[in-house]
Amino acid sequence: MEFHQIRPGICRRLNETSCNSKIAVVVREDLEVWQKLNVTAFTISGIAGTQEVMGKEYEDGSNRKYLPMIMQPILIFSAGRDEIRMVYAKAVSRDVVMTIYTEELFSTPNDDANRTAVRAVGSDDLKLVGMALRGRKKPMDRILKGLTLHP
């Protein structure tokens, strides 16, 4: 699904980079619902915090202001253990920026412990449960090929 099919006219309102890129979250299908939501929130925060994807702040009719959000759609996919490893390998081979979430992070108490837990495991042995990726549309389509959108 292309962005202009999801939200007509979005490319006229966004910058060129956003229109040529895709943001996706891949979550392992066997997680509990609360875990899927947690993984999605944490992994997308890395994309929001490091990529030029944030829009302007919002303001309602009463002049109350709200924080900005990412300007483009985020596609969320479901994947099995092998599929998520395949997505990871493809993303690494194409130098796509990503965040990862591993099984160990469900039991760590804070951000420092999270980094220590990830650092303790080699890339090939990471127990991935989710990731968020951002890249150019065509490479992202190849990376995500075969996955289904999360129900």
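Where is the place of M69? M69 lies in the loop between β3 (65-66) and β4 (74-79), helices (H or I, at least four residues) and strands (E, at least two) being DSSP runs numbered from the N terminus. The model is predicted, so that local features need pLDDT of at least 70 and side-chain atom pairs count only at pLDDT 80 or more, whereas totals for chains, interfaces and linings use all residues. Residues are numbered from 1 along each chain as its sequence is written, and side-chain values use heavy atoms, with hydrogens and water left out.

With a relative accessible area of 49%, M69 is partly exposed, a class between buried (under 20%) and exposed (over 50%), computed with a 1.4 Å probe and protein chains only.

Strands are taken to pair if DSSP finds at least two bridges between them. On this basis, β1 pairs with strand β6 (residues 128-136) in the antiparallel sense over 7 bridges, V27 having G130 as its bridge partner, and with β4 in the parallel sense over 6 bridges, where A24 stands opposite L75.

A nonpolar core is a set of buried Ala, Val, Leu, Ile, Met, Phe, Trp, Tyr and Cys residues joined through side-chain atoms within 4.5 Å. In the largest such core, of 18 residues, V26, M131, L133, I143 and L144 touch the most other members. At least two residues of this core come from each of β1, β4, α5 (81-93), β6 and α7 (137-144), and α5 supplies the largest share, 4 residues.
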